[in-house]
Amino acid sequence: MRADVQNTVDKIQKSLELLAQRMDVETAPFRLEEFNARVEDPTLWDDPEAAQKLMRDRQMLVDAMATHDGIKQEMSDNIELIELGEMEEDEEVIAEAEAALKQLEVKAAQKELEALLDGEADGNDTFLEVNAGAGGTESCDWASMLARMYVRWAEKKGYKVELQAESAGEEAGIKSAVYKISGVNAYGWLKSESGVHRLVRISPFDSAAKRHTSFSSVWVYPVVDDNIEIEVNPADIRIDTYRSSGAGGQHVNTTDSAVRITHHPTGIVVTSSEKSQHQNRDIAMKALKSRLYQLELDRRNAAINEAHESKGDAGWGNQIRSYVLQPYQMVKDLRTNFETSDTKGVLDGDLDGFMAATLALDVSGKTRAEAQGS
């Protein structure tokens, strides 16, 4: 077997090892037997919510086992074909099997990544909030660039993007913006983007053409499902209405339709200004419940908590990623060391590589690739 083909096989095997680790392959058959026994219990649907969760968990395990075993069998079949082709000196068989292995490598890597999206809320839609940090006009412009970057990323994924609220900068860009992004695993993909994002460039607002550093923060939190109940005590919140400062034209609000809700126990403030007052109130309340749900997720999941809380103040050493446009071009994630010189591609929404690297972080802080080598 040629060295490049062996390298492909090695990559598939590593993906298989991680898939096996993720589902705990040694105990999987026994857990499936337990699920099957519980499914046959005639009292199962006495508690519909518990029954539905059990059925979902069972299906996830069945799918994980089928994926692992299918990839393993397909890899073995093609290796055998290559060995047979070499014995028979049949170059056509060898070429077909090698091409199949390359396709399987891509499939295995994708399944490995999907296996990382198994958190409690990973499958949910998400809210994404961008806020300008230190740097005045520079940071407002940078915030608008970040917002555009995430909108472009979401559109490439085929996700639905809805602007929930926006506050324009005084001279350029935005002070803040909140989007609702809807699609399969939207929160699971985007959750790693929470943090401070640092931009280094020659300022278009500086007549002396000096290099400037700007900061903006991103915060991602899941949309709460209808079947997740989050109770909000009316005594704990204050609801204010105000006139939105939109972009003008037909979108100008002529009434005090924008809504702001302040949750006193946590200090959380959410706003919505793009719809009618009634719709904005509903949207803001859903956003508040999502934020409260995120707090609960953080308490139960130390890894997610660290990722979200590390964002800190935008501009004081809490950045997770640097975007350098001058004097050279590079985007580098400071948590995973994943980097690329394709700054234009990144700012146009090519973020999957960064997200995948962060999702693959081991709980120890090492990337999964590093963990494999240790």
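Q: What does buried mean for a residue?
A: Buried means under 20% relative accessible area. This model is predicted. In it, Tyr221 counts as buried because its relative accessibility is 2%.

Q: Is Trp219 buried or exposed?
A: Trp219 counts as buried because its relative accessibility is 19%, and the cut-off is under 20%.

Q: How do I read a nonpolar core?
A: Start with the general idea. In soluble globular proteins, nonpolar side chains tend to be buried together. Now this case. The largest nonpolar core has 55 residues, and Leu128 and Tyr323 touch the most other members. Helix α5, residues 137-157, gives this core its largest share, nine residues. There is also a second, separate core of 14 residues, with Val5, Ile71, Ile79 and Ala115 among them.

Q: Which residues does Leu128 touch?
A: Leave out residues up to four places away in sequence. Leu128 then touches Tyr150, Ala177, Val178, Tyr179, Ile181, Leu190, Val218, Trp219 and Val220.

Q: How do I read a helix?
A: Think in turns. An α-helix has 3.6 residues a turn, so residues three or four places apart point the same way. Take helix α1, residues 3-23. Its buried residues include Val5, Thr8, Val9, Ile12, Ser15, Leu16, Leu19 and Met23.

Q: How far does helix α1 reach, and what follows it?
A: The 21 residues of α1 reach 30 Å from the first C-alpha to the last. That is close to the 30 Å expected at 1.5 Å a residue. Asp24 follows α1, and its phi is positive, near 55 degrees.

Q: How do I describe two aromatic rings?
A: A pair of aromatic rings is described by the distance of the centres and the angle of the planes. The count here comes to five aromatic pairs. One of the pairs is Trp142 with Tyr323, which is edge-to-face at 4.9 Å centre to centre, with 70 degrees between the planes. This pair links distant parts of the chain. Trp142 is in helix α5, Tyr323 is in strand β9 (residues 319-324), and they are 181 residues apart. Trp142 and Tyr323 are buried.

Q: Which residues do ring pairs link into a cluster?
A: Phe127, Trp219 and Tyr221 are linked in this way.

Q: Where do Arg291 and the charged end of Arg260 lie?
A: Arg291 lies over the face of Tyr221, at 5.1 Å from the ring centre. The charged end of Arg260 sits over the ring of Tyr242, 4.4 Å from its centre.

How values were computed: Residues are numbered from 1 along each chain as its sequence is written. This is a predicted model: local features need pLDDT of at least 70, side-chain atom pairs count only at pLDDT 80 or more; totals for chains, interfaces and linings use all residues. Side-chain values use heavy atoms; hydrogens and water are left out. A nonpolar core is a set of buried Ala, Val, Leu, Ile, Met, Phe, Trp, Tyr and Cys residues joined through side-chain atoms within 4.5 Å. Buried means under 20% relative accessible area, exposed over 50%, partly exposed in between (1.4 Å probe, protein chains only). Helices (H or I, at least four residues) and strands (E, at least two) are DSSP runs, numbered from the N terminus. Contact means heavy atoms within 4.5 Å. The expected span of a helix is 1.5 Å times one less than its number of residues. Rings of Phe, Tyr and Trp (its six-membered ring) pair if their centres lie within 6.5 Å; planes under 30 degrees apart count as stacked, over 60 as edge-to-face and the rest as tilted. A charge sits over a ring if NZ of Lys or CZ of Arg is within 6 Å of the ring centre and within 35 degrees of the ring normal.
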